[in-house]
Amino acid sequence: MTARVYGDFDQAQLDAQYSPSSLVGDIQPFLDDYAQSSRLARHELAPVARRDLRFGPGPDDLLDVYGPSGPGKDSRPALFFVHGGYWQQLSKEDSAFPAPALVEAGAVYATPDYTLAPRARLSDIVDQVRRAFAWLWHRAADHRIDPGRIVVAGSSAGAHLAAMLLATRWRQWGLPAAPIAGALLFGGIYDLAPVRQTYVNDVVRIDAGEVRDCSPLFLTGVRCPVVIAWGERETDEFKRQSSVYAAHLRRQGCHVTAFEQPGRNHFDSPMDLGTPSTRAHAETRRLLGLPSA
Ligand SMILES: N[C@@H](CC(=O)c1ccccc1NC=O)C(=O)O
């Protein structure tokens, strides 16, 4: 008999539950698609791209913004997208893929880098993404962004980081109490306790304090509508993470839209952000206050 590590799962089962690849096989084609679609997006949007904007003094404190800039009276809603990769992989270079569809729809698209584990601790990554968001909020006017219409989004570990933005005490960061207009969370992790028991923690080294302070499931204060989505082809644990977090937000009186993305897996689910025929794209436009496609 093998020992139970979390719930009814033994170590091998828990590791498989937190390996989205266990339902996908080779994940490289999906990662290649992030990179290639993002390269294309940068090429297409080159005239309206501001790359490597500095939001802080650290080497990775950089963010890309796509959308019109310079003098102009119009202001637009913005999507602030945080990439995933188990806090260890990917970058903003893999994260421009939704930009063309959203800029075309009338939004600004922004995506930050953050320092990856194990170079950074999880709690420091959370603060770094907070600094990136606060920077964008303060400089909204420079990018023709309406600071009252900034929506955050993220995929996988990026959905965790975006959910941490929702639970941030923004007054302590010099922002209004509710600077986020909405959120779209794809295949996220909201309870770090089981993750801490897996192979992921060989690198990320989440400690007990971080489970308590950096699990959105244990935090309150969310003040905006939230869309929670997950791929049909996700593990049971990933689906459970989304449903318990949706219930947690609803108990706080938050407006939550939760749905499964047909045919999608952990890796291609965020592609729907920039795919006009999908429900996730429609929900994105709704949160941004843009007309339907
Ligand atoms: N070891 C993980 C890798 C993984 O989850 C991942 C890899 C690259 C980019 C995103 C990922 N997922 C979550 O952020 C897996 O087994 O799928």
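1. Aromatic pairs. Searching the whole structure, a predicted model, turns up 12 aromatic pairs. One of them joins Tyr18 and Phe238. Their ring centres are 5.6 Å apart, and the planes make an angle of 50 degrees. That geometry is classed as tilted. For context, two numbers describe any pair of aromatic rings: the distance of the centres and the angle of the planes.

2. What the Tyr18 pair connects. The two partners come from distant parts of the chain, 220 residues apart. Tyr18 is in the loop between helix H1 (11–17) and helix H2 (28–44). Phe238 belongs to helix H9, residues 236–251.

3. Ligand site. The ligand sits in the largest pocket. Around the ligand are 15 residues. The closest are Ser21, Gly85, Tyr86, Ser156 and Tyr199. Sorted by class, the shell holds eight nonpolar and seven polar residues. Charged residues are absent from that shell.

4. Which ligand atoms take part? A nitrogen atom of the ligand lies 2.9 Å from a polar side-chain atom of Tyr199. A ligand nitrogen is also found 3.4 Å from a side-chain N or O atom of His266. On the oxygen side, a ligand oxygen atom is 3.3 Å from a polar backbone atom of Pro20.

5. Most residues other than glycine have a negative phi.

6. Peptide bond at Pro118. Is the bond between Ala117 and Pro118 cis or trans? The bond is cis, with omega about 5 degrees. Pro118 is part of the loop between strand E6 (108–112) and helix H4 (122–138). Most peptide bonds are trans.

7. Points to view together. In the ligand site, start with Tyr199, whose side chain has a polar atom 2.9 Å from a ligand nitrogen. Finish with the cis bond that joins Ala117 and Pro118.

Terms used:
Residues numbered from 1 in each chain as written. Predicted model: local features only at pLDDT ≥ 70, side-chain atom pairs only at ≥ 80, totals over all residues. Heavy atoms only, no water. Near = heavy atom within 4 Å. Polar contact = N/O pair within 3.5 Å; in protein donor to acceptor, adjacent residues only side chain to side chain. 1 Å grid on protein atoms, 1.4 Å probe; cavity = no way out; pocket = protein on both sides within 12 Å on 5 of 7 lines; lining within 4 Å. Sits in = over half its atoms within 2 Å of the grid points. Nonpolar A, V, L, I, M, F, W, Y, C, P; charged D, E, K, R; others polar. Phe/Tyr/Trp six-rings, centres within 6.5 Å; stacked < 30°, edge-to-face > 60°. Helix = DSSP H or I, 4+ residues; strand = E, 2+ residues; numbered from the N terminus.
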